Amino acid sequence: HGLPDENTREPYLIPVDVSGKDLQYAVSLNNVYSKLNEYPTKKVSVFLDACFSGGARNKGLLAVKGIKLAPKEEKLTGNMVVFASSSGEESSAVYSEKQHGYFTYFLLKKLQETSGSVSFKNLSDYLVQSVQKETGLSGKIQTPNISVSPAIQYGWENWKLK
């Protein structure tokens with residue numbers, strides 16, 4: 001799960017053994033990005049199937065308080081592209097029949113179909129279209145978000161995983 005700090009709105013990843021009520025042992029997304037950019041790299045690709053609104057897949061982490069927070073927008077650096085499963089205050093839903101999150105299901109499906117030889121632009125378009133369509137059919141709103149660091153804003157679209 002993901003969760004923004006209630007005061008700073010900084011996004012955190014919440015491991016299964018950590019309470020959303022105490023972020024002391026949560027993983028700061030800022031720190032993850034910083035560590036990934038610590039050394040010079042040609043390409044950094046991040047795939048996150050976690051929402052940061054305080055809503056969890058089966059129950060809201062902050063829902064008991066009736067709170068939904070939009071996380072602070074991260075400023076990416078280096079040569080980084082982040083594919084996130086949902087945008088803003090949206091939750092990331094479970095595709096129960098496929099036993100995955102919608103985002104992960106369609107990501108793995110596309111990677112399997114293409115053996116990883118798909119441009120990031122095509123992957124991005126496919127994920128947004130497929131996740132929006134399937135979640136829409138089930139009455140949910142989930143829009144994957146692709147964030148790109150300014151250093152590569154004009155070159156990332158042709159990247160491939162393989």
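Modeller: Two residues touch, or are in contact, if they have heavy atoms within 4.5 Å. This is a predicted model, in which local features need pLDDT of at least 70 and side-chain atom pairs count only at pLDDT 80 or more, while totals for chains, interfaces and linings use all residues. Residues are numbered from 1 along each chain as its sequence is written, and side-chain values use heavy atoms, with hydrogens and water left out.

Leaving aside residues up to four places away in sequence, Ala-26 touches Tyr-12, Leu-13, Ile-14, Pro-15 and Val-18. Although Ala-26 and Ile-14 are twelve residues apart along the chain, 5.1 Å separates their C-alpha atoms. Ala-26 belongs to the loop between S2 and S3, where helices (H or I, at least four residues) and strands (E, at least two) are DSSP runs numbered from the N terminus. With a relative accessible area of 14%, Ala-26 is buried (under 20% is buried, over 50% exposed and in between partly exposed, with a 1.4 Å probe and protein chains only). Ser-28 is in strand S3, residues 27-28, and is likewise buried, at 13% relative accessibility. Its contacts, again not counting residues up to four places away in sequence, are Pro-11 and Tyr-12.

The wider chain can now be described. The protein chain contains three helices and eight strands, and these follow the pattern β-β-β-α-β-β-β-β-α-α-β when read along the sequence. The chain has 162 residues, of which 42% count as buried. Among contacts with a separation of 6 or more, residues 24 or more positions apart account for 65%.

The structure holds eight aromatic pairs (rings of Phe, Tyr and Trp, the last by its six-membered ring, pair if their centres lie within 6.5 Å; planes under 30 degrees apart are stacked, over 60 edge-to-face and the rest tilted). One of these pairs is formed by Tyr-95 and Phe-106, which are stacked, at 6.0 Å centre to centre and with 25° between the planes. Because Tyr-95 lies in strand S6 (residues 94-95) and Phe-106 in helix H2 (residues 102-114), this pair ties together parts that are eleven residues apart in sequence. Tyr-95 is buried, at a relative accessible area of 9%, and Phe-106 is buried as well, at 6%.

Phe-106 also forms an edge-to-face pair with Tyr-126, at 6.2 Å centre to centre and with 75° between the planes. Since Phe-106 is in helix H2 and Tyr-126 in helix H3 (residues 120-137), this second pair ties together parts that are 20 residues apart in sequence. Phe-106 and Tyr-126 are both buried. Ring pairs join Tyr-95, Tyr-102, Tyr-105, Phe-106 and Tyr-126 into a cluster.

The helices themselves come next. Two packed helices are described by the angle between their axes and the distance between the axes. The axes of H2 and H3 come within 9 Å and cross at roughly 135° (axes are lines fitted to C-alpha atoms, for helices over the stretch in contact, with angles from 0 to 180 degrees between N-to-C directions). H2 and H3 are therefore oblique to each other (under 35 degrees is roughly parallel, over 145 roughly antiparallel, 65 to 115 roughly perpendicular and the rest oblique). H2 contributes Tyr-102, Phe-103, Phe-106, Leu-107, Lys-109 and Lys-110 to this contact, and H3 contributes Leu-123, Tyr-126, Leu-127, Ser-130, Val-131, Glu-134 and Thr-135.

The loop between H2 and H3 holds Ser-115. Most residues other than glycine have a negative phi. Ser-115, however, has a positive phi, near 55°, and is partly exposed, at 46% relative accessibility. Arg-9 also has a positive phi, near 65°; this residue is in the loop between strand S1 (2-4) and strand S2 (11-13).
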